[in-house]
Amino acid sequence: MIVVAGEALIDLVPQGTGALAGLKPALGGGPYNTAVALGRLGSPTAFCSRISYDAFGEALLDGLREAGVDVSAVQRGTEPTTLAVATVDTNGSAAYSFYVDGTADRLFAAPAELPAGTRAVSFGTCSLVLEPGASAYEELLRTAAAQGVFTALDPNIRDGLIPDADAYRARFKSWLPSVSLLKLSEEDARWLGGTPCEWLAAGPSAVVVTQGGEGLTVFTRDGAVLPVPGEKVDVVDTIGAGDTVNAALLHGLATLGALSPQAVAGLGVEDWARLLRFAARAAAITCSRAGAQPPYASELGEL
């Protein structure tokens, strides 16, 4: 079982140009997209979050169930669902404005235990910023790591939600000893400061940096640096692409029997090349269609 911990929200995606273009609601949130992508790839997956009882919340739960994701660890609340208003530029890149005050997912509480059979837990995005939930997710990260569970982190920076950048950067560094796999975009890396070598020295067994259409690169503890080019595709938008990479990497590691810090550290260049090519292929499919619509296993073929 791979557990994905973090927010579920509704993306409001413009259907035209201009500030008053019509908005179409879409299921979203970085962790939510990762969980759906894992489910579609066929990995046993559970979602750990707090979701509203409102109509959007019910739709979010339905989306998880349709992807085969276990929702028994989802907490519920009467507060409204978080909204993210997307703006998509001419290259398909998305930016967001968030409506988060008093929403359900901010009140997440760390569970007493993880679902039975948990082998990995994935964290990231807004859930690690917005209090009081951020402290609860941080507690879960540290607890899982202390129990020997594989942990993955994608900070997926939304700087408009971060009131104190320096405090967040310090907090990010404090998480690294509890992280097995760090995945982040090159934009996130620039915002956070530091280098893959510095982050590896702090804890992770591997760091994967994505570079949009240029591909992605893995940095490992033994000093290996392996870039893999992106798959060429006609981009509709990039919504959910990074989350699909997260899911593809976790699914691939599970397939290789490498969901442990020690196993990741022992992966060879060929294994990493297969993993990164698989992740690039999955992300390209997501970019080829509107919204966060990650591929199914049947669309990707073998790892």
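This is a predicted model: local features need pLDDT of at least 70, side-chain atom pairs count only at pLDDT 80 or more; totals for chains, interfaces and linings use all residues.
Residues are numbered from 1 along each chain as its sequence is written, and local features need pLDDT of at least 70. Side-chain atom pairs count only at pLDDT 80 or more, while totals for chains, interfaces and linings use all residues, and side-chain values use heavy atoms, with hydrogens and water left out.

**Two packed helices**

Let us start with helix packing. Two packed helices are described by the angle between their axes and the distance between the axes. Helix α3 (residues 133-146) and helix α4 (residues 165-175) pack at about 20°, and their axes are 11 Å apart. Here helices are DSSP runs of H or I with at least four residues, strands are runs of E with at least two, and both are numbered from the N terminus. Axes are lines fitted to C-alpha atoms, for helices over the stretch in contact, and angles run from 0 to 180 degrees between N-to-C directions. The helices α3 and α4 are therefore roughly parallel to each other; angles under 35 degrees count as roughly parallel, over 145 as roughly antiparallel, 65 to 115 as roughly perpendicular and the rest as oblique.

On the α3 side, the contact (heavy atoms within 4.5 Å) is made by Ala134, Ser135, Glu138, Leu141 and Arg142, and on the α4 side by Arg171, Ser174 and Trp175. Sorted by class, this contact of α3 with α4 has three nonpolar, two polar and three charged residues. In that sorting, Ala, Val, Leu, Ile, Met, Phe, Trp, Tyr, Cys and Pro count as nonpolar, Asp, Glu, Lys and Arg as charged, and the others, Gly among them, as polar.

At 16% relative accessibility, glutamate 138 counts as buried; buried means under 20% relative accessible area, exposed over 50%, and partly exposed in between, with a 1.4 Å probe and protein chains only. Leaving out residues up to four places away in sequence, glutamate 138 touches Leu128, Arg171 and Trp175.

**Aromatic rings**

Next come the rings. A pair of aromatic rings is described by the distance of the centres and the angle of the planes. The structure holds five aromatic pairs. Rings of Phe, Tyr and Trp (its six-membered ring) pair if their centres lie within 6.5 Å; planes under 30 degrees apart count as stacked, over 60 as edge-to-face and the rest as tilted. Two of the pairs are set out here.

| Pair | Centre distance | Plane angle | Geometry |
|---|---|---|---|
| Tyrosine 32 and phenylalanine 47 | 6.0 Å | 90° | edge-to-face |
| Phenylalanine 172 and tryptophan 199 | 6.1 Å | 90° | edge-to-face |

The pair of tyrosine 32 and phenylalanine 47 links helix α1 (residues 30-41) to strand β4 (residues 45-48), 15 residues apart. Tyrosine 32 is buried at 2% relative accessible area, and phenylalanine 47 is buried at 0%. In the other pair, phenylalanine 172 lies in helix α4 and tryptophan 199 in helix α6 (residues 196-202), so the pair ties together parts that are 27 residues apart in sequence. Phenylalanine 172 is buried at 1%, as is tryptophan 199 at 3%.

Tyr168, Trp175 and Trp191 form one aromatic cluster. Arginine 169 lies over the face of tryptophan 191, at 4.2 Å from the ring centre; a charge sits over a ring if NZ of Lys or CZ of Arg is within 6 Å of the ring centre and within 35 degrees of the ring normal.

**Backbone details**

The peptide bond from glutamate 131 to proline 132 is cis, with omega near 5°. Proline 132 belongs to the loop between β9 (120-124) and α3. The loop between β9 and α3 also holds threonine 125, which has a positive phi of about 65° although it is not a glycine. Threonine 125 counts as buried at 6% relative accessibility. Asparagine 156, likewise not a glycine, has a positive phi of about 45°. Asparagine 156 lies in the loop between β10 (150-154) and α4 and is buried, with a relative accessible area of 13%.

Alanine 35, in helix α1, is buried at 0% relative accessibility. Apart from residues up to four places away in sequence, alanine 35 touches Val4, Thr45, Phe47, Leu64 and Val69. The C-alpha atoms of alanine 35 and glycine 68 are separated by 9.5 Å, and these residues are 33 apart along the chain. Glycine 68 is in the loop between α2 (55-66) and β6 (75-77) and is exposed, with a relative accessible area of 53%.
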